[in-house]
Amino acid sequence: MAQFTGGSVLAVDVHRPFLDAVQVRAREAGVADRVSVREARMEDLPVEPATVDLIWAEGSAYLMGFDDALVAWRGLLAPEGVAVLTEAEYVTDEPSTGARTFWEAAYPAMRTTAENVAACQRAGWEVLGTYLLPSSDWLEYYGPMRLRVEELRAEGVDEGLLAPIVEEIRVRQLYGRDYGYTGYVLRPRRRPAGGEYGVG
């Protein structure tokens, strides 16, 4: 991000080893002077309101809840700032029973793209674009994971500990056409005089 934008980047996470890894990568990329880290929760980002040009949250907003993220982050952006985030969602109005059974247990708040777009608009955002991540991204994610499962099996790791990962991979193979990750590019709409935005 620092290389691409030429700007300053604040990386936030609650897990210190991840932040340490960011600092190592920043030094290796020659941008350590423009990358800082902070151990903090994304529900309470350590930045002043209306000062951020870009919020980038890839595969993480669901941890606090998509709707809560829309509310919490809107006021942090500068007047021309944007938020880019991804959200797991159904890509059909009628997902299969297999997909719905898995996701109702794993992520009960999961909705369709249309429902999430509507939530963005209710919360005072302009949706500049949506982008469904390609199936190849899932293959790149699950390929190494599948190999790691086999390594752990060979090391004698209890099958019960591996079962949730195996099931997630199986569900993707069988029902992946019903759900995906969608990237959102959002910009706050101007607040109407005397008006408030809320998520309904």
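Analyst: Let us start with helix H4, whose buried residues pack against strand S4 (77–90), helix H7 (159–175) and strand S6 (179–188). This is a predicted model, in which local features need pLDDT of at least 70 and side-chain atom pairs count only at pLDDT 80 or more, while totals for chains, interfaces and linings use all residues. Residues are numbered from 1 along each chain as its sequence is written, and side-chain values use heavy atoms, with hydrogens and water left out.

User: Which residues of helix H4 are buried?

Analyst: Buried means under 20% relative accessible area, exposed means over 50%, and partly exposed lies in between, using a 1.4 Å probe and protein chains only. Helices (H or I, at least four residues) and strands (E, at least two) are DSSP runs, numbered from the N terminus. In H4, which covers residues 97–106, the buried residues are Gly-98, Ala-99, Phe-102 and Trp-103.

User: Which exposed residues does the face of H4 turned away from its buried side carry?

Analyst: Here we look at the face of H4 that is turned away from the buried side. The exposed residues that it carries are Thr-97, Thr-101 and Ala-105.

User: Where is Ser-96, and with which side chain does its side chain make a polar contact?

Analyst: Ser-96 is found in the loop between S4 and H4, and it counts as buried because its relative accessibility is 17%. Setting aside residues up to four places away in sequence, Ser-96 touches Tyr-175 and Asp-178, where contact means heavy atoms within 4.5 Å. A polar contact is a pair of N or O atoms within 3.5 Å; within protein, one must be able to donate a hydrogen and the other to accept it, and residues adjacent in sequence count only if both atoms are side-chain atoms. The side chain of Ser-96 makes such a contact, at 2.6 Å, with the side chain of Asp-178.

User: Is Thr-112 buried or exposed?

Analyst: Thr-112 is found in the loop between H4 and helix H5 (113–122). Not counting residues up to four places away in sequence, Thr-112 touches Glu-89, Tyr-90, Thr-92 and Asp-93. Its relative accessibility is 11%, and therefore Thr-112 counts as buried.

User: What separates the C-alpha atoms of Thr-113 and Val-91?

Analyst: Thr-113 lies in helix H5 and is partly exposed, with a relative accessible area of 23%. Leaving aside neighbours within four places in sequence, Thr-113 is in contact with Glu-89, Tyr-90, Thr-182 and Tyr-184. Although Thr-113 and Val-91 are 22 residues apart along the chain, their C-alpha atoms are separated by 6.3 Å.

User: Of the contacts in the chain between residues at least 6 apart in sequence, what percentage joins residues at least 24 apart?

Analyst: The secondary structure of the chain comes to seven helices and six strands, and 36% of its 200 residues count as buried. Among contacts between residues at least 6 apart in sequence, the share that joins residues at least 24 apart is 73%.
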